[in-house]
2 protein chains.
Amino acid sequence: MNTIFLWGSRGGVSMAVALAKCMDLMTTSAVREILKVTERPEIISLAGGLPAPELFPVEEMKNVTIEVLEEAGGQALQYSTTEGFTPLRRQIAARMNRKFKTDFACENILITSGSQQALDFSGKLFLNEGDVVLCESPTYLTAISAFRVYKPTFVEVPTDDEGMIPDELEKVLASTANVKFIYVIPDFQNPTGRTWTWQRRRQFVEIINKYEIPVLEDNPYGELRFEGEILPSIKSLDTRGLVIALGTFSKTFCPGLRIGWIAADIKFIEKYIMIKQCADLHTSSMSQRQISKYMELYDFEQHIQQIIAVYRQRRDAMLDAMEQHFPSDIQYTRPQGGLFTWVELPPSINAIQLLTISLRHKVAFVPGESFFPNRHVPNTLRLNYSNMPEERIYEGIKRLAAAIRCYKAD
Amino acid sequence: MNTIFLWGSRGGVSMAVALAKCMDLMTTSAVREILKVTERPEIISLAGGLPAPELFPVEEMKNVTIEVLEEAGGQALQYSTTEGFTPLRRQIAARMNRKFKTDFACENILITSGSQQALDFSGKLFLNEGDVVLCESPTYLTAISAFRVYKPTFVEVPTDDEGMIPDELEKVLASTANVKFIYVIPDFQNPTGRTWTWQRRRQFVEIINKYEIPVLEDNPYGELRFEGEILPSIKSLDTRGLVIALGTFSKTFCPGLRIGWIAADIKFIEKYIMIKQCADLHTSSMSQRQISKYMELYDFEQHIQQIIAVYRQRRDAMLDAMEQHFPSDIQYTRPQGGLFTWVELPPSINAIQLLTISLRHKVAFVPGESFFPNRHVPNTLRLNYSNMPEERIYEGIKRLAAAIRCYKAD
């Protein structure tokens, strides 16, 4: 049975309406469902992935908006080109080239409604039913949902603290037909917070060159590095135009404007533009100009430094609290940037059951299970530290530690 | 051969990357391509479908934005719910109920990035390859492109000045398997400017009830009625929850913010929400709050009355000019609202060839051909009157009439 039947209730007459096959593969995202429960103020939610709203440049946005409307008037509110606002595309290319050692021009950039839209478009661009997507194991939950709409098979490539394991990747590529792309987050990955080493990046590019496999390099957190130098992006090592880089202002500026981008070889960008035209014509003219004007009027790098300073303290608070309160048989990552840390519990603990207990202790997290498209790994969980002050992070981890003790005592 | 091969040039090594099957069905929209040519200032373009930017509430938008940022601060820039901003959803439901005699609550509304996104999502929701979409003949060009991504077959239902012809619709439904939905624009249709009569609306609903076929009622122009009363929407006559109503602020407010909506039975809305979550998480929090605040602070109905007054004069100018300058063997519609009129040339004239001559006369339009998914109707064209002052419309029609005379003389 490949179609869902939807039962209408209006007018008292039941009806059966046939929907597309992809609809039975979509389920409401687990994170979103959990976030609904955790909206209750008494719960400390380490579950989300929200940036700190107190760092949003609210006052500056007033000035920026007035400037945009005075300068551009009606144009800022009119239909605009599918590709995006040219000055913004130029600014993005220049920033990427500077920070991630890429070599993009304005023409290589397509503005999207957040990088989530870039994930959806990539599914649409590459995938027929049954095609194969390779990804890290675990990987970003909502990328899995975005691709799943196009009915691919996922193959999880074993990944360790240094990144995707080259031998394992090569093994998969040598033995798997119809691999359409590899999806990776090499910097402060969601959910693990891990960053690929330089060595692994180079080995990865050698392998994709050999097999001529396109790569989606998703990099929402790369600029939020708390210590050390930004490593060269996979794209900067790409000699054959195989890597499609995804970026967003959601973590460095504000997510509510929904501005992300795809940066790639023009041959890819042309196809993405066609997809964008059919999908929603273009991204908000106003929001594009707001971000562009902000970068023109204010010091964006300084703004990012503020975010880094705050998130670094919050990461430290979380690591300290875990160090102090967690039982010694619990492992966790020590991210050098980004928003998340990843916890491995002893095999005897099931994170979904732990969540039920944790909610009684008034703390929430995301069980790791949903970050694995195929594997069942019940003893992991993801914690977010970007969205609340240190005291609350301490308190949250204390509660979580108490919940773990309860679980073990049961 | 079902896959497109994309030839990469970077690094001097050619590569073949396999794309999804749907990619060979997408072509850059004809209207967009023409708009590129017609950006030259010496050309009078009657080709686009742009609203008049001088009517955008630029000053009010400054106040609105400041109010939103002062009131909501960081929240206006943060991630928000997929469904959309609750006060805006309430405002939309209330307006639709008042204007189009529907019966929607907040829960029936999903905010989308323009109504183009609602078209894309509808394709994703309903269509498997080879399924059938019914539509008016002609119909909205970019709806065809949006649905085509999902590889349906189109069946054009014969349509006259009163709307879709009931006997013809019934004939198609009785003889066609796998009809997934019917796409219609009953008010001031794009491209024809025609409006369905009340009688036709009632007959249409009887037929869809009998066959239990979902309907997409796209209504971007319905509020822009220059004379007479707004007719009941198809949705208002729907007793079985089969009609999905699409709306947008692009023609009544400003398109650059990309705010549209889907209004339907909750069972449909739940599915659309899942699609939206995977596609782009949510629509810009800021833009949603801006429109909502505008409606709170200002008189939106009065704003719409201003648009109506201006467009009515422009429509009159275009009809007068055509009356005066067009040869008598040319037919055109007399729209009671909206943005377009539709021209039928004598069968001997090919509109695409006429466009080439017209561009030499420095006037542009959209040849009608692209508005028919299957039929070849070379002697039609669409004219837009919303985007320029009367003198320029007069001049444009004079030039077009001259181009027609040239064509005939050749």
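Biologist: What gives the domain bounds of chain A?

Modeller: Domain bounds come from an automatic or database domain assignment, and for chain A that assignment gives domain 1 (21-50 + 302-409) and domain 2 (58-297). This is a predicted model, in which local features need pLDDT of at least 70 and side-chain atom pairs count only at pLDDT 80 or more, while totals for chains, interfaces and linings use all residues. Residues are numbered from 1 along each chain as its sequence is written, and side-chain values use heavy atoms, with hydrogens and water left out.

Biologist: How many residues of domain 1 of chain A are in contact with domain 2 of chain A?

Modeller: Taking contact as heavy atoms within 4.5 Å, 31 residues of domain 1 of chain A are in contact with 31 residues of domain 2 of chain A.

Biologist: What is the area buried between domain 1 of chain A and domain 2 of chain A?

Modeller: Buried area is the accessible area (1.4 Å probe) that two parts lose on being put together, summed over both; here the value is about 3,000 Å², of which carbon and sulfur atoms give 61%.

Biologist: Why is the pair Glu227(A) and Arg315(A) called a salt bridge?

Modeller: The term requires a side-chain nitrogen of Lys or Arg within 4 Å of a carboxyl oxygen of Asp or Glu. The closest N and O atoms of Glu227(A) and Arg315(A) are 2.6 Å apart, so the pair meets the rule. Across the interface of domain 1 of chain A and domain 2 of chain A, the rule finds 1 salt bridge.

How values were computed:
Chains lettered and ligands numbered in written order.
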